[in-house]
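Student: Could we go through this structure together, step by step?

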Number of protein chains: 2
Amino acid sequence: LFNLEDRGGRRLAIRPEMTPTLARMINARAQALPRPIKWFSVPRLCRAERPQRGRLREFFQWNIDIVGVDDIVADAECILVAVDFFREVGLTPQDFVMKINSRSLMSRILSGAGISDEKLPEAFVLIDRAEKIEPDKFKAMWTEQLGQCLPYDRLAALLGIDSIDELESAAKTLCPADAFAAELNQLKSLFGLLSDLGIGECCAFDIHVIRGLAYYTGPVFEAFGKGGLSRAICGGGRYDELLKTLGGPAMSGVGFGTSDVVIQDVLKELDRLPSTASELDFFVIDAAPELFPQVLNLVARLRRAGHATDFSYRRQPLGKQLKTASQRNARCAVILGDETIQNGELIIKNLETRKQSTCLLDAFIAAPTEALRDQ
Amino acid sequence: LFNLEDRGGRRLAIRPEMTPTLARMINARAQALPRPIKWFSVPRLCRAERPQRGRLREFFQWNIDIVGVDDIVADAECILVAVDFFREVGLTPQDFVMKINSRSLMSRILSGAGISDEKLPEAFVLIDRAEKIEPDKFKAMWTEQLGQCLPYDRLAALLGIDSIDELESAAKTLCPADAFAAELNQLKSLFGLLSDLGIGECCAFDIHVIRGLAYYTGPVFEAFGKGGLSRAICGGGRYDELLKTLGGPAMSGVGFGTSDVVIQDVLKELDRLPSTASELDFFVIDAAPELFPQVLNLVARLRRAGHATDFSYRRQPLGKQLKTASQRNARCAVILGDETIQNGELIIKNLETRKQSTCLLDAFIAAPTEALRDQ
């Protein structure tokens with residue numbers, strides 16, 4: 001955290017994430033809000049950590065949350081929103097995968113295998129890191145911290161599975177099937193809903209997804225680009241206790257966040273960043289400096305009509321202004337000349353086709369888009 | 001300022017405004033940037049002061065700057081952008097006025113009247129506050145701080161003028177006309193350009209506009225709502241020295257800022273806040289719970305096609321889902337029934353006209369907008 005004390009002696013911090021803030025906001029008005037409570041926000045967040053790829057000290061995070069719905073159809077809808085967003089920014093099912101697991105399922109299995117409730121958070125933190133560190137190091141850490149409750153080899157058999165179909169038999173080597181049957185069915189139902197929503201091909205079970213934050217309790221999910229960027233490009237899950245923990249009613253929620261930084265990184269890696277080149281409809285030019293007031297007038301009218309329009313600050317020869325218009329990628333140059341203006345006319349020059357035509361000023365102002373279309 | 005020391009012992013502050021940051025950014029790349037440099041940003045800013053009407057501790061500010069152009073046509077363009085924005089959010093020339101003055105002009109007149117360069121900043125701070133405090137208090141403060149250089153009565157004659165036409169004769173009582181002729185002509189030219197741009201009726205000279213920030217040097221401007229909200233709804237001006245002061249080249253700039261808070265306040269006062277009611281195109285309903293997977297599938301397709309679409313989380317009777325659709329202001333309910341779906345059909349019910357019709361599922365998916373238009 002970046003934290004500070006203000007002049008009133010209050011201890012303040014710059015927000016590092018939004019979910020607890022959202023929980024407090026909802027708690028303050030819990031009875032007045034119609035449910036389900038669907039919420040989005042795009043906060044600017046700060047984290048006092050070393051900047052690295054996919055992670056800066058300051059970034060924007062897009063948050064989506066659905067609060068007050070226990071049914072996992074809300075989890076499915078959150079995942080749909082994330083997947084639709086990735087598609088909308090240009091990612092295909094070949095470019096990313098939404099990895100899904102369930103904390104409640106993992107709790108049941110690990111508890112059944114001998115890990116006490118007190119040790120569970122520690123186990124989750126380690127499993128969350130399992131694929132980010134060397135296997136030998138993970139083995140050593142697990143053995144030291146949790147090996148007495150659950151030997152590493154028995155855990156490794158569980159973590160080695162690749163699909164939800166293998167989960168039941170692998171888990172049954174650790175504990176009885178009825179210890180986790182309800183949670184497994186819920187997770188399978190979630191995959192069924194995702195398939196109904198038409199996004200099954202973007203989603204996959206992954207036993208390593210457990211999320212770093214402590215407040216998740218149910219299904220958890222993280223999307224990853226399939227290229228070299230190993231960092232998650234979105235993460236979320238269900239939190240059943242957070243609102244109550246922060247003094248509110250027993251109301252569960254599900255949500256996810258994604259940041260401008262990771263999305264930009266993954267799009268850059270795939271060479272699919274959208275163009276930010278400026279697009280100009282019109283560049284208005286005077287053939288003589290005394291026509292400049294009319295240039296200004298026309299520019300203001302075209303802008304007000306919604307057209308990206310620009311002009312030269314300096315009064316320059318016609319050719320020089322035309323050159324600037326081309327450099328600025330304007331689609332059309334609009335030229336005011338001494339003679340034409342006396343007849344209430346102007347010249348429209350299409351800078352792609354180089355075709356030009358004379359047109360009545362009034363007609364042009366009434367329908368500038370015609371000029372963009374015609375030529 | 002909200003300021004803090006981070007773990008590395010660095011002294012940091014949360015940005016209270018953007019212009020000095022912009023100047024530093026431009027200074028870092030001054031030679032590489034093509035000119036004019038036109039820049040906008042929407043930073044979130046924080047000020048450690050008591051929250052009040054039109055002013056919160058945290059707010060968004062929209063900034064527009066044009067750097068590297070000495071010509072006042074850049075000042076005119078900045079003012080055009082501000083005025084166009086106010087019109088776009090629903091303000092008319094009857095609702096607001098852009099008040100304009102010139103710091104360089106005021107400097108010349110006040111210097112000529114006997115105020116030394118060292119005392120000028122103090123004089124500006126007082127004049128900036130003149131209309132915000134009691135006349136008697138202003139008189140007492142001026143007399144105490146600056147009365148020896150320029151007696152209050154002589155200043156009052158200058159501050160009492162209502163138009164730029166009165167300025168020359170009023171100023172000539174304080175100093176020779178050639179002390180300020182160039183600056184007066186520049187300000188008059190600016191009004192000429194604003195008139196060319198078609199926004200003359202929104203702009204007015206106001207000798208009290210001087211701006212609180214020290215870095216302004218040329219024309220300065222502030223927009224005010226004409227209602228009871230006495231706070232400026234935008235403010236800006238020309239800064240000739242700022243980049244150089246911050247270690248950059250001698251390059252001048254002009255810009256303005258406006259905040260979400262003041263714009264919201266003025267629109268609220270005029271009862272012209274835009275509606276934020278949610279607009280829903282389709283609400284998809286199942287006549288039997290076993291059709292829910294098809295509801296989900298249709299919802300996902302409609303959303304991907306860009307239509308605001310929702311559905312009930314709980315499987316409820318048809319009538320109850322229809323009621324929810326109406327409560328949510330959906331334009332159409334899309335009903336999947338056991339019999340219709342077997343024929344590849346669905347029912348579209350327009351919730352305004354209450355008309356309903358049967359339509360082929362494939363045809364609806366191919367062109368959902370037809371359903372919105374037809375009925």
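Tutor: Let us begin with one residue pair: B:L346 stands opposite B:C359 in β15(B). Because the model is predicted, local features need pLDDT of at least 70, side-chain atom pairs count only at pLDDT 80 or more, and totals for chains, interfaces and linings use all residues. Residues are numbered from 1 along each chain as its sequence is written, chains are lettered from A in the order in which they are written, and side-chain values use heavy atoms, with hydrogens and water left out.

Student: In which sense do β14 and β15(B) of chain B pair?

Tutor: Strands of a sheet pair through backbone hydrogen bonds, either parallel or antiparallel. Strands here are DSSP runs (E, at least two residues), numbered from the N terminus, and two of them pair if DSSP finds at least two bridges between them. Strand β14 (residues 345–350) of chain B and β15(B) have 5 bridges, and their sense is antiparallel.

Student: What is the order of the strands in the open sheet of chain B?

Tutor: The sheet has 5 strands, and the pairing is mixed. Its edge strands, each pairing on one side only, are β12 (309–311) and β15 (356–360) of chain B.

Student: How many salt bridges does the rule find across the interface of chain A and chain B?

Tutor: A salt bridge is a side-chain nitrogen of Lys or Arg within 4 Å of a carboxyl oxygen of Asp or Glu. The side chains of A:E77 and B:R303 meet in one, at 2.4 Å from N to O. Across the interface of the two chains, the number found is 6.

Methods. Helix = DSSP H or I, 4+ residues; strand = E, 2+ residues; numbered from the N terminus.
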